[in-house]
Amino acid sequence: MHTPTPLSRLRASVRALGLAVATPTEGGTPPLARAASPWLRRLPYVVAFGFVATLLPVTVTVLVDDYEVNGAVAGALATAQTVPLLLAVARPLQAWWIVITADVVGALFLLGADGVAGRPWPWTPMIVVGYLALMVAVGLREPRRTLLGVWLTTGAAGFVYELVRPDRSDGIQLLLFVLSGAVLLLAASLRERGDAQRRLVEQETISEAERARRTLLEERARIARELHDVVAHHMSVITVQADSAPYRIEGLPEAAREEFSTIAASARESLAEMRRLLAVLRSEGAEGERAPQPGLERVQQLVEATVRAGVPAELSMPAGLGPVPPAVDLSAYRIVQEALANVVRHAPGAPTRVSVSADDGRLTVLVVNGPSEEGGSPLETSGTGHGLVGMRERVRLTGGTLDTGPLPGGGFRVAARLPLALAPAPEEPA
């Protein structure tokens with residue numbers, strides 16, 4: 001296992017710092033607030049405090065000893081010119097307004113000070129250092145138009161004092177104007193580079209999602225082709241054989257002819273439903289499902305088909321259920337269909353009761369079967385359980401509830417409650 005060297009760890013820390021600095025943040029949030037490392041999140045405050053702790057006493061000392069400013073005035077000016085650097089960590093533009101005002105007022109006080117002759121004016125060296133640090137914070141947070149206004153205001157203030165007392169000017173206002181512009185440009189470029197990288201990552205994430213979606217659609221199309229190749233042919237063969245049996249086999253009783261006719265009709269219906277499923281799988285969304293979907297009006301047909309399969313089933317459903325949402329209508333039909341199919345497969349000959357009712361704004365679907373006459377069990381281990389999983393998924397999508405399980409005396413119960421008024425889907429965040 002490779003052990004990282006101190007140099008490699010240092011390089012990794014520098015890269016992490018650069019990435020964190022270049023990551024844009026919202027107003028009122030420190031520049032490194034999204035950094036993973038706790039010490040990186042605290043770093044802006046440490047740096048700002050370091051500048052304040054250094055510049056504040058130095059400014060007071062220089063103003064009092066060199067510029068011969070009153071101690072109280074020097075303390076007030078030094079505080080107003082340096083302490084806002086702490087505010088600049090989260091709100092640099094507000095801090096700049098305080099600092100530029102304090103610098104302009106300080107230049108007026110120095111104009112009448114006894115020790116200003118021969119010394120930098122209107123800006124002191126401490127002002128230049130603190131102002132450049134402030135420009136870094138402003139450049140990393142504010143848009144280009146704001147940065148241009150800050151820079152021009154800085155130059156205008158120095159130019160006005162140049163006009164007022166050209167004899168005391170030593171070019172420090174021009175130096176601050178040039179340096180502040182360079183720092184603002186560098187910080188803005190770093191911020192915009194980080195913003196561009198963030199947008200690139202977002203675009204790559206979107207592209208990855210699109211690739212995953214395209215892969216899913218391709219897989220759905222592949223499944224559709226396989227279903228067609230494997231199932232459609234056999235279903236068609238069953239249909240043809242059932243239709244032609246009365247003509248190929250002589251002497252069939254009438255009951256056998258009706259049974260073959262029923263088999264052919266069921267096979268054609270299954271083939272039609274499978275083709276509708278293939279249309280959905282081949283499309284990009286549910287809009288591909290154009291054929292009318294079955295609903296509660298066809299539950300009677302399901303029960304009759306179950307009776308013909310040898311299961312004594314009965315249906316209890318009022319004539320008028322009122323308006324039922326299409327999604328609930330289809331889900332209710334599929335639940336009854338799957339429940340009856342499970343009875344035929346796992347409890348042949350078991351008496352079965354299907355009940356559909358509506359009350360209190362909910363549709364109740366109940367399918368209960370007794371013990372199998374052939375000793376089968378609705379919970380036999382040969383089943384995959386996919387039918388119950390599909391029921392639960394349909395119920396979940398409509399916002400309903402599903403209760404399934406064996407009965408104490410044998411048999412099985414499927415009870416679903418579906419809302420008759422579907423809640424609107426939640427809007428995605430912009």
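Where does UniProt place the feature "transmembrane region"? The unreviewed entry puts it at residues 43-63, 69-89, 96-117, 123-140, 147-165 and 171-190; such annotations may be inferred rather than shown by experiment.

What you're looking at is a predicted model, where local features need pLDDT of at least 70, side-chain atom pairs count only at pLDDT 80 or more, and totals for chains, interfaces and linings use all residues. Residues are numbered from 1 along each chain as its sequence is written, and side-chain values use heavy atoms, leaving out hydrogens and water.

Here are two of those stretches (helices are DSSP runs of H or I with at least four residues, strands runs of E with at least two).

| Residues | Helix | Strand | End C-alpha atoms apart |
|---|---|---|---|
| 43-63 | 100% helix | 0% strand | 30 Å |
| 123-140 | 83% helix | 0% strand | 24 Å |

Now for helix packing, with axes fitted to C-alpha atoms over the stretch in contact and angles running from 0 to 180 degrees between N-to-C directions. Helix H5 (residues 92-111) packs on helix H6 (residues 125-139) at about 160°, axes 9 Å apart. H5 and H6 are therefore roughly antiparallel (over 145 degrees). In contact (heavy atoms within 4.5 Å), Pro 92, Ala 95, Trp 96, Val 99, Ile 100 and Asp 103 of H5 meet Ile 127, Tyr 131, Leu 134, Met 135, Ala 137 and Val 138 of H6.

Further along, the axes of H10 (residues 299-308) and H11 (residues 326-346) come within 10 Å and cross at roughly 5°. That makes H10 roughly parallel to H11 (under 35 degrees). Val 299, Leu 302, Val 303 and Thr 306 of H10 make the contact with Tyr 333, Val 336, Gln 337, Leu 340 and Val 344 of H11.

Definitions and conventions. Parallel < 35°, antiparallel > 145°, perpendicular 65-115°, else oblique.
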